[in-house]
Amino acid sequence: MKIMVCGGSGFIGRNLSQYLLDQGCRIVVLDRHKSTILSPQLESFEGDLLRPERFDPKWFEAVDAVINLSGKDIFTFWSRKNRKMIWESRVTVNKNLIDFMGKLHQKPGIFISASAVGYYGNKGEKEVLESGPRGEGFLADVCEAWEAEARRAESLGMRSVQVRTAPVLLKSGGIMLQLMKSMRFGFTFVFGDGRQWFPWIHMEDLLRIYHAAVTDETLSGPVNACSPNPVRFRDFLSHLIKFQKAMVLPFPIFLLKLFLQETADVVLFSQRMMPGKLIKAGFQFSFPELEDTLKDIYRDIK
């Protein structure tokens with residue numbers, strides 16, 4: 001199978017490209033930066049996904065599935081400029097890809113788009129499944145539009161999957177990298193009372209979910225990519241400091257909102273997300289428990 005990975009040089013993209021190669025797939029990486037993975041089974045094209053007039057049909061030759069992972073990092077202050085970049089790097093890129101594939105004589109059969117837990121907004125104590133309603137706020141707006149563009153692939157005869165991803169646990173990126181910036185100095189913060197539900201996923205399981213999204217024809221529409229065992233944020237930190245020693249300091253919500261404004265939603269929203277469709281499809285998680293996940297991530301530390 002030949003799979004295109006858009007955003008294949010990013011945090012998840014690099015790992016996914018290598019994983020799919022290991023599964024025997026041929027890979028096409030499309031990114032602003034050339035892939036650093038060296039393999040005769042991987043082609044790398046440099047392109048700006050916001051410049052569809054420069055797209056080249058040869059990039060899509062004999063491609064069976066397209067996975068779009070592109071998107072500006074949300075762990076930044078949401079200035080007007082950054083909001084525009086967060087939106088365009090997700091919603092507009094999906095639109096550009098679908099519009100272009102609609103003109104191809106031979107189209108891929110599958111379009112898989114990243115999405116995020118931000119779709120659900122703040123759900124408090126409620127368990128969240130894929131059928132749940134969207135939430136409020138900027139991230140929910142982005143995710144709804146992001147997924148709507150992805151679903152247009154269905155009008156082209158393609159199966160479309162939107163992978164609503166929980167925070168991905170791996171030391172080299174994502175929320176772990178953000179937390180470790182302060183933990184290196186011996187402290188980290190719990191926001192408010194820390195009782196907000198924190199969904200999470202081990203990188204290895206996320207890669208397997210993307211592979212399942214490609215190969216399992218029963219999967220379509222939104223799919224929650226998260227462990228079946230979400231935890232309270234304060235409990236997440238309690239587990240984490242067993243491996244990365246740090247003092248946990250309280251950070252008042254009013255100060256967080258004062259400094260970050262709506263960006264504070266990233267760490268304050270409570271999202272008890274469950275992988276309903278994956279469980280129904282019989283997906284077996286390699287790392288369903290947080291303790292085992294952190295042991296694996298920190299296995300080089302004795």
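Here is a quick walk through a sheet, a pair of helices and a pocket in this structure. Keep in mind that you are looking at a predicted model.

**The sheet**

Let's start with the strands. Seven of them form an open sheet in the order S3-S2-S1-S4-S5-S7-S12, and the pairing is parallel. At the edges sit strand S3 (42–46) and strand S12 (221–225), each pairing on one side only. On average, neighbouring strands of this sheet are turned by 20° against each other, ignoring direction.

Have a look at the end of the sheet where S12 lies. Strand S7 (residues 159–165) and S12 run parallel and are joined by five bridges. To find your way there, look for Val163, which stands opposite Val223 in S12.

**A helix on the sheet, and its partner**

Helix H2 packs on this sheet, where it touches strand S1 (2–6), strand S4 (65–68) and strand S5 (110–116). The direction of H2 makes about 175° with that of S5.

H2 (residues 80–101) also packs with helix H3 (residues 138–151). Two packed helices are described by the angle between their axes and the distance between the axes. Here the angle is about 10° and the axes are 8 Å apart. Angles under 35 degrees count as roughly parallel, so H2 and H3 are roughly parallel to each other.

Which residues make the contact? On the H2 side they include Arg83, Trp87, Arg90 and Ile98, while H3 brings in Phe138, Asp141, Trp146 and Glu149, among others. By class, the residues of this contact are nine nonpolar, one polar and five charged.

**The second largest pocket**

By class, the lining has 14 nonpolar, five polar and one charged residues.

Where does the lining come from?

Of the lining, the largest share comes from H4, with five residues.

Conventions
Residues numbered from 1 in each chain as written. Predicted model: local features only at pLDDT ≥ 70, side-chain atom pairs only at ≥ 80, totals over all residues. Heavy atoms only, no water. Axes fitted to C-alpha atoms, helices over the stretch in contact; angles between N-to-C directions. Helix = DSSP H or I, 4+ residues; strand = E, 2+ residues; numbered from the N terminus. Parallel < 35°, antiparallel > 145°, perpendicular 65-115°, else oblique. Contact = heavy atoms within 4.5 Å. Nonpolar A, V, L, I, M, F, W, Y, C, P; charged D, E, K, R; others polar. Pairing = 2+ DSSP bridges.
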